[in-house]
Amino acid sequence: MVSLDNKTTQFDFGLNNVNEVKEIIKSVLNALNEKGYNPVSQIIGYILSGDPTYITSHNNARSIIMKVERDELLEEILNDYLENLKNE
């Protein structure tokens with residue numbers, strides 16, 4: 001988005017329940033690990049493409065991850081990563 005006044009545009013996802021998103025990510029991570037998939041590759045594939053077949057149906061992970069918008073998943077993953085950087 002281009003701003004004519006050269007101010008930074010702010011974007012707010014307005015996540016209502018961060019804990020729910022975290023639990024969804026953990027659940028999907030566990031299912032991917034149990035099936036022997038690389039969770040990073042699979043989740044990136046899903047976030048970038050929107051194709052739910054990147055996520056295993058094992059333990060209902062595919063249905064679970066689709067309860068959350070991909071931008072909300074990305075926001076939570078990035079927030080967690082940045083928080084861990086601050087704590088190093």
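Modeller: Start with the word pocket. On a 1 Å grid over the protein atoms alone, a pocket is an open set of points with protein on both sides within 12 Å along at least five of seven lines, while a cavity is a set where a 1.4 Å probe fits but cannot get out. Lining residues have an atom within 4 Å of a point. A volume is the space filled by probe spheres set on the points, which are joined across faces, edges and corners. The largest pocket here has a volume of about 210 Å³.

Biologist: What kind of model is this?

Modeller: This is a predicted model: local features need pLDDT of at least 70, side-chain atom pairs count only at pLDDT 80 or more, and totals for chains, interfaces and linings use all residues. Residues are numbered from 1 along each chain as its sequence is written, and side-chain values use heavy atoms, with hydrogens and water left out.

Biologist: Which residues line the largest pocket?

Modeller: I25, L29, P39, V40, I43, I44, I47, L48, L74 and I77. Ala, Val, Leu, Ile, Met, Phe, Trp, Tyr, Cys and Pro count as nonpolar, Asp, Glu, Lys and Arg as charged, and the others, Gly among them, as polar. The lining therefore divides into 10 nonpolar, no polar and no charged.

Biologist: Which helix gives the most to that lining?

Modeller: Helix 2, with six residues. Helices are DSSP runs (H or I, at least four residues), numbered from the N terminus. Helix 1 (18-34), helix 2 (39-49) and helix 4 (70-86) each supply at least two lining residues.

Biologist: How does the lining of the second largest pocket divide?

Modeller: Into four nonpolar, no polar and four charged. The lining residues are K22, I25, K26, L29, E76, I77, D80 and Y81. This pocket has a volume of about 150 Å³. Helix 1 and helix 4 each supply at least two of its lining residues.

Biologist: Why are helix 2 and helix 4 called oblique to each other?

Modeller: Look at the angle. Axes are lines fitted to C-alpha atoms, for helices over the stretch in contact, and angles run from 0 to 180 degrees between N-to-C directions. Angles under 35 degrees count as roughly parallel, over 145 as roughly antiparallel, 65 to 115 as roughly perpendicular and the rest as oblique. The axes of helix 2 and helix 4 come within 9 Å and cross at roughly 135°. Helix 2 and helix 4 are therefore oblique to each other.

Biologist: Which residues make that contact?

Modeller: Contact means heavy atoms within 4.5 Å. I43, Y46, I47, L48 and S49 of helix 2 meet R70, L73, L74 and I77 of helix 4. They divide into seven nonpolar, one polar and one charged.

Biologist: What makes helix 1 roughly perpendicular to helix 4?

Modeller: Their axes come within 10 Å and cross at roughly 90°. That makes helix 1 roughly perpendicular to helix 4. V18, V21, K22 and I25 in helix 1 meet E72, L73, E76 and I77 in helix 4.

Biologist: What makes helix 1 oblique to helix 2?

Modeller: Their axes come within 9 Å and cross at roughly 125°. That makes helix 1 oblique to helix 2. L29, L32 and N33 in helix 1 meet P39, Q42 and I43 in helix 2.

Biologist: What is the phi of N59?

Modeller: Positive, about 55°, although N59 is not a glycine. Most residues other than glycine have a negative phi. N59 is found in the loop between helix 2 and helix 3 (61-65). N60 has a positive phi of about 65°.
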